[in-house]
Amino acid sequence: MRDEKVFSLTVPGYGVEKWTPSVCGLCSIGCGVEIGSSANDIVAIRGRNTPVGSGRLGPKGMNQFSTNGHPTRARHPMIRNAAGDMVRCTWDDAMTAITSKISETLITDGPDGIAFYNSGQLLLEEYYTLGKIVRGGLGCANIDANTRLCTATTAASLMENFGADGPPGAYEDFEKTECIVLVGHNAAEQSTVLWMRILAAKRGKYKPRIIVIDPRRTFTVDTGADLHLQPRPGTNVALLNGICHLLIKNDWVDHRFIRRHTTKFDQFREIVDRYRPSMVERITGVKKRDLQKAAEWIGTSKTTVTTCLQGVYQSNQATATACIVNSMHLLMGKIGKPGCAPFQFAGQPSSMNTRETGADGTYPAYRNWEDLNHMRDLAKRWNIAPELLGKKPVTTPEIFELVEKGFVKVLWNIGTNPAVSMHDRAARFRALGGTFLVVQDAFFNTETASFADVFLPAAIWGEKTGCMTNAERRCQLLQKAVDPPGEARSDLDIFVDFAQRMNLRDLDGKLLINYSTPQEAFDEWRKISRGTIPDYSGMTYEKLLERGGIQWPCNADNPHGTTRLYRKPHFPTEWEISESYEKDLETGHEHTLREYRKKRDPRGKAVLVTTDYREPIDAPDREFPFTAISGRQAYHWHTRTKTAKSPLLAEGAPGVFVAINVADAKKLKVKDGDIVRVISRRGAVEGPARVGDLVPERVVFIPFHYGELDQNTSPNNLMPKLHDPVSKQPVQKGAAVRVERIGRPDARTWWSVR
Ligand code: SF4
């Protein structure tokens, strides 16, 4: 039961006139909230008793409403004038400038001259509409979301093992399991309410043992781990191959499940056979006895849940690592049953929706862009020419490269801040400054907005209605509590306006976007997803409200949704339904339909996937003896565009720091709080040293929330220009660096004045 005193916050001196049921808009856990408002101001928040968090909230969730009324909220559109200054303009001026530029570019360069880079923070209805406009209206394939940087590997790994995206498990599995393995997932800080559920489960019926695999000694390790494996950064593949080696060697596997429901066991066994504990210890630094203990706990528990997050997805061999986790569950037959799931996590609150609706590098409802039948079916439902569809998706790193090289003339950036979040920042700045840049955002002062040619002010959480789907496939309705400030409009309104101004029509000459409200958009999405893997056809706004969200697929057969996928272990790997035709883990080569049917088609079986460990390309050496890794903190979300606006969250973590091990600090004569410079082959970061045991020797950690344009505070300055060959997710944890002491700080550091 929720504790209202703990999980609620009200602005002192305000009374709440109205409580509006909604959902937290910060992360993929999707906790239920009620928004308290007075007149047109959000003045309070409290937990709502939904199946996700039973009314619990974390620090980010409780403080998110400070953002809505912040003075940096954008209240009117702006345009860059001839003198180069951003000046206020009307919506008509702004939209005319955009549509003129896009129409002109369509004539000179075709649809490839335009690109859209969106977010993991919008609503389902907005992503669906954007994807339809871009793919079905403009015939453009240059659309991706910032989820590429965050958890794109999730979808990639699920496609490789199971044939299609879609996390199989449910949060209740954490309460029904005997063993929880968190791989690169600092749940205590990133999935706060889920962590509360896990800690409660430790005292419950199944008392799960918790294994944490993370190079850092995180808050998760300190508050709940029973076993901590601390591999060297970039060595996840060796470690997980080692665990699978021991599972097979000790016969902790389900032979019947392997035989009946998987393929490629022999190939899998041949590779993991090489990863004996002594070899794994040499590569990862994890002691043999700890590896053996982890394998024994995993292998002998009746039920296991394993999660992966950015420690996997932003590291060396990201997709391979996530695939081995999925494979580990297949080896033991631990999938589709209570307490058993490989949980490839989502990060942002609606990143699932970008993947489902086709606003990232995928097509709507997990349709395979290479399958003509899938594309014809979509074209028929949209009533458009099929030739507009089936273009190879272009991912974020590729989009920015096309922008930098001048192939993309117009970049429309929606609800995201690539000037801070992208690696290889110097190249990104050149790209942002050298194109016609539209920025659609709630705040006029983001680092990316400073490059804009046209700025569109957008509504955010609490100011619009629509759905978000969390990491357990639960779609929930967020309701509007107040109007957006000034002239700001919802992202859906902006997209509908754009489609109408561009006069986008279907084959019958009707408006392509023939709706204007979120509910109408949702109803169309239900039709588009009907009969597909993420089937929403049985959901309505009313049902979503009544039931506190519904897990897809929800249709006539499953009117109340589906708790977990693969209860019957039949996987969508047949070529007719598979979302992709398998990519090569080493090279990223995308197999064609012919190759897939000839060499692989497992006809409903899951695929056991692994590969050999490859040393990170930017490995430490004599000149750069440390490895820099980056990550998040409990108080902030990504580039702080929202969380820094909350005084409590900003005070909780006001600035960058460099975590360094006490032994290294001693050698470098660095004291806690001293200013250090971290230098890689590409750039530098400066900040106070936080000396302790958060990281092992020869590793430094830098939070990635900071990145002011005029300061060296972003670890993205350091990172190599690399991305995973399969998921195309940039490597943001792993740069060879050296550390130099600059001097004493001017004032005491923020963590020592507490
Ligand atoms: S765990 Fe995530 S969804 Fe829940 S309150 Fe915290 S930030 Fe919001």
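Into which domains is the chain divided? I started there, keeping in mind that this is a predicted model. I find domain 1 at 8-67, domain 3 at 168-344 and domain 4 at 626-753. Domain 2 is pieced together from 78-150, 349-461 and 479-516.

**Entry: the ligand**

Next I looked up what surrounds the ligand. The shell has 14 residues, and C24, C27, C31, G58 and G61 come nearest. I sorted the shell by class and got seven nonpolar, six polar and one charged residues. For helices, I noted α1 (59-63) and α7 (192-202), each of which supplies at least two residues of this shell.

Why does the ligand lie between domain 1 and domain 3? Because both domain 1 (8-67) and domain 3 (168-344) give residues to the shell around it.

**Entry: domain 3 against domain 4**

Then I turned to the other pairing I wanted to check. The centres of domain 3 and domain 4, taken over C-alpha atoms, are 28 Å apart. I count 18 residues of domain 3 in contact with 20 residues of domain 4.

Which helices each supply at least two residues of the domain 3 side? I wrote down α6 (187-190), α14 (310-313) and α15 (318-332). The largest share of that side comes from α14, with three residues.

Last, I went through the classes on the side of domain 3 that touches domain 4: 11 polar, four nonpolar and three charged residues.

Key:
Residues numbered from 1 in each chain as written. Predicted model: local features only at pLDDT ≥ 70, side-chain atom pairs only at ≥ 80, totals over all residues. Domains from an automatic or database assignment. Contact = placed C-beta atoms within 7 Å. Helix = DSSP H or I, 4+ residues; strand = E, 2+ residues; numbered from the N terminus. Nonpolar A, V, L, I, M, F, W, Y, C, P; charged D, E, K, R; others polar. Near = placed C-beta within 6 Å.
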